[in-house]
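Dear colleague,

I am passing on the structure below, together with some notes on what was found in it. Please read them with the coordinates open beside you.

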Amino acid sequence: MTTYLHIGYPKTATTWLQKQLFPRVKNYRMVDRSDISRVLIQEHALCFKPEMARDELTKKYGTNLIISLEGFVGTVHNFGLNGYLTKEHAYRLKSVFPEARIILFIRRQQDIIASSYYQYIVGGGTYSINSYLKDHS
């Protein structure tokens, strides 16, 4: 079994990878984001069982998996709730797929800020760049 975990930091081409690249990788199946969320994220912390999560995903998708979700590290709007979510997601992923190979992209922080602000404006945001940065710090 080989599992690739794509930890999609915000604004690092995650959507493109999920839609264009990962579905075309031969001999691997990309796990649907709704299953990732339901099995790995939404399960209550006191009820989460790594072996059950692994069994459910491998039963549905097979043994060569690509799991990609930008929410593993939080978003540009919640930043992983001060690392709380990020840490919990990391523990869950490690407990379910200890042998996984990690795909991680990072981006220059100034570029992430510009891209996030642009997305905010396109989505209807009205804050100036200074107000946006103050509100998100």
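Does D35 count as buried or exposed? This is a predicted model, and in it D35 has a relative accessibility of 6%, so it counts as buried, the cut-off being under 20%. D35 lies in helix α2, which covers residues 33-41, and its side chain is joined to that of R38 by a polar contact of 2.9 Å. Leaving aside residues up to four places away in sequence, D35 touches L40, L57, K60 and Y61.

Turning to the strands, β3 (residues 64-69) is mostly covered, with five of its six residues buried. Strand β1 (residues 2-8) runs parallel to β3 and is joined to it by six bridges, and within this pairing L5 stands opposite I67. Strand β2 (residues 29-30) also runs parallel to β3, to which two bridges join it, and here M30 is the residue that stands opposite I66.

The other element to look at is helix α6, which spans residues 109-122 and, with 14 residues, reaches 20 Å from its first C-alpha to its last, close to the 20 Å expected at 1.5 Å a residue. Its buried residues are S115, S116, Y117 and Y120, and the buried residues of α6 pack against α7, residues 129-135. After α6 comes G124, whose phi is positive, near 105 degrees.

With best wishes

Technical notes: Residues are numbered from 1 along each chain as its sequence is written. This is a predicted model: local features need pLDDT of at least 70, side-chain atom pairs count only at pLDDT 80 or more; totals for chains, interfaces and linings use all residues. Side-chain values use heavy atoms; hydrogens and water are left out. Helices (H or I, at least four residues) and strands (E, at least two) are DSSP runs, numbered from the N terminus. The expected span of a helix is 1.5 Å times one less than its number of residues. Buried means under 20% relative accessible area, exposed over 50%, partly exposed in between (1.4 Å probe, protein chains only). Contact means heavy atoms within 4.5 Å. Two strands pair if DSSP finds at least two bridges between them. A polar contact is a pair of N or O atoms within 3.5 Å; within protein, one must be able to donate a hydrogen and the other to accept it, and residues adjacent in sequence count only if both atoms are side-chain atoms.
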